Amino acid sequence: MIAKITGGQNTADLIRYLYDTRKKGHTDPHLVASWDGFAPDPGRADDFDATKRALVADLDLHVKQSERLDRAPDKHVWHCSIRAAETDRHLSDTEWGGIARRVVSATGIAPGGDPDGCRWVAVRHAPDHIHIAATTVRADLRTARHWNDYLTADRELAAIEKEYDLFQILRGDRTAAKRPTRAEQEKAKRAGQARTARERLRTTVRTAMAAATTTEEFVYLLQHTDGILVDVKHFPSGDVRGYTVALAGDVNAVQKPVWYSGSELSPDLSLPKIRKRLDATEPQQGPRKTNPWHQATAAAERIPRRLESGDDTAAQAHLAAFGEALDALPLRAPRAIQPQLRQAAEAFERATRSRIQAEHQHARALRGAVRAMVREPAPKDGALPAMFLDAAILIVVAAARWHQLRHHDQQVAAAHQTLDHLRAAYEQTAVAPLTVLAQRRPPTQVVGRHILLIRQTVPDHAEQVLEDPAFDALAAVLADAEKAGHDPKQLLQQAADQRALDDARRPARVLTWRVERLSTRTAPSARARAAQAHSPARRPSTPVQSPPAAPTAQPQPPQARRR
């Protein structure tokens, strides 16, 4: 159920509208409840006009009395419409009457058991909704205390949905971006645009923020974006105070650009909040020794554990930074998956905010790596984007779980929607690089040793890994890493230790990308490996025998068994 609450100055105008059968959808208007149960009902009276006047007079009684004392509020009409979902059953007049009484009580219009509550009526003129019309002057001539009436009504309707077995809508925490108005939607439709100017500008501003490292660069990127008008506000000192943006060609009735401030686009896009994020970006100093995609992936892979740390302000910061990574990803991803990635970023935008205040300093590493990533040329193949997307999918799974534990319903739905887009983009991107890797499948003897290592390292997921078609790709990257001087067992342990494989649909793919990234690090020298092997501090308390180089009874790899 959804409530919409407005105010007004004329009781007669509202009653006239509620009983006007010429309006679309208005059929059989009648009362289902009132302040005392005896209010005159024009819809059931022989003399409609006289009864309507009597109803207005009764509703305005305390307003007129307070006017004589010069105490009447400027807007004394309180109007609340309550609409059921399309899938809900049709409620009876008695049920709607009970709902109306609960809402006026919860909002403070007519608290239960208060004989001095405001006068009100509930009118039903359609099967799926009612209108509550009230005057906000009480019988003791005080003005009703109904602050935050929308929130209190919404909480009461949430309880009603459960009790009446109605559709339970996803309720927010007032941190969502403002939805486009009906006028904006109609304007976009007339212009042949699928999205409104507000939505398109929001995406543009978020992308600029995700790519920028300073406030000045953020403004510069906006100013050099095609089709965007930018008006920068300055303090007398010359420092940037704020900004507004408009779409070129989007004008109002007097042919002036329709400007939006950052906060009108989204709560986190005001300049002070953008500056706070950009100040928490790890600078990239000197020549980079590590591929920025690997840096970004490594920083992202730590997020699921951060979400389970118990530090909610840090967790919220990591979700916000990850949202920026999704905003930036289309800038360097293969063209074929850019639409899916943009949809994923737009969906996850709702999951980046909650009532929990983010401490953005906790996510410096990811934010800095993403900025470095967008400054590199686009990858020549899909391996690096697939590697990042593989990590991103598990982050969104963990984000949905984190929000669900905190009853952030809208954020949970946004995360689930994001998953659909990310998985579609990943499947489209990962096929080619995984196929190339699988073609380098090592000899059977080497594969056999790797099977034993997998059974030792990830016993809970071993069978799922070995039966996965991506196992050949995993065996190939393990063999390549071993040739480069890495210990494949250590790589597997690092890959498994830093990732909860329980969330992965295809753990073999997860391990493949993890090992592929870890193996790009410089392999330890022979002297370092020998010192490491003889170091008491690093020796396990119960040594595990490594598999022999050439076992006498070689296990059959999964592909050989299936053939």
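Guide: Helices (H or I, at least four residues) and strands (E, at least two) are DSSP runs, numbered from the N terminus. The model is predicted: local features need pLDDT of at least 70 and side-chain atom pairs pLDDT 80 or more, while totals for chains, interfaces and linings use all residues. Residues are numbered from 1 along each chain as its sequence is written, and side-chain values use heavy atoms, with hydrogens and water left out.

Visitor: In which loop is Asn 148 found?

Guide: Asn 148 is not a glycine, yet its phi is positive, near 55°. Its relative accessibility of 52% counts as exposed (over 50%; buried is under 20%, partly exposed in between; 1.4 Å probe, protein chains only). Its place is the loop between strand E5 (129-135) and H5.

Visitor: What is the phi of His 407?

Guide: His 407 lies in the loop between helix H16 (383-405) and helix H17 (409-438). With a relative accessible area of 65%, it is exposed. Although His 407 is not a glycine, its phi is positive, at about 60°.

Visitor: At what angle do H4 and H5 pack?

Guide: Two packed helices are described by the angle between their axes and the distance between the axes. Here the axes are lines fitted to C-alpha atoms over the stretch in contact, with angles from 0 to 180 degrees between N-to-C directions. For H4 (residues 93-107) and H5 (residues 149-163), the axes are 8 Å apart and the angle is about 145°.

Visitor: How many charged residues are in the contact of H4 with H5?

Guide: Contact means heavy atoms within 4.5 Å, and the H4 side includes Ile 99, Arg 102 and Val 103, while the H5 side includes Asp 149, Glu 156 and Leu 157. Residues are classed as nonpolar (Ala, Val, Leu, Ile, Met, Phe, Trp, Tyr, Cys and Pro), charged (Asp, Glu, Lys and Arg) or polar (the others, Gly among them). The contact has 7 nonpolar and 2 polar residues, and the charged ones number 4.

Visitor: How are H7 and H8 oriented to each other, and which residues of H8 make the contact?

Guide: The axes of H7 (residues 197-211) and H8 (residues 215-223) come within 9 Å and cross at roughly 135°. H7 contributes Thr 204, Val 205, Ala 208, Met 209 and Ala 211, and H8 contributes Glu 217, Phe 218, Leu 221 and Leu 222.

Visitor: Why is H15 described as largely enclosed by the rest of the structure?

Guide: The buried residues of H15 include Leu 366, Arg 367 and Met 373. They pack against H7, H10 (271-279), H11 (292-301), H12 (303-307) and H13 (312-328). H15 (residues 364-374) is largely enclosed because its buried residues are 9 of the 11.

Visitor: How far apart in space are Leu 271 and Arg 53?

Guide: Leu 271 is in H10 and is buried, at 4% relative accessibility. Beyond four places in sequence, it touches Thr 215, Phe 218, Val 240, Arg 241, Gly 242 and Tyr 243. Arg 53 is 218 residues away in sequence, and the C-alpha to C-alpha distance is 53 Å.

Visitor: Which residue's backbone nitrogen does the side chain of Ser 34 reach?

Guide: Ser 34 is in strand E2 (residues 30-34) and is buried, with a relative accessible area of 6%. Leaving aside neighbours within four places in sequence, it is in contact with Ala 39, Trp 120 and Val 121. At 3.0 Å, its side chain reaches the backbone nitrogen of Gly 37.

Terms used: Polar contact = N/O pair within 3.5 Å; in protein donor to acceptor, adjacent residues only side chain to side chain.
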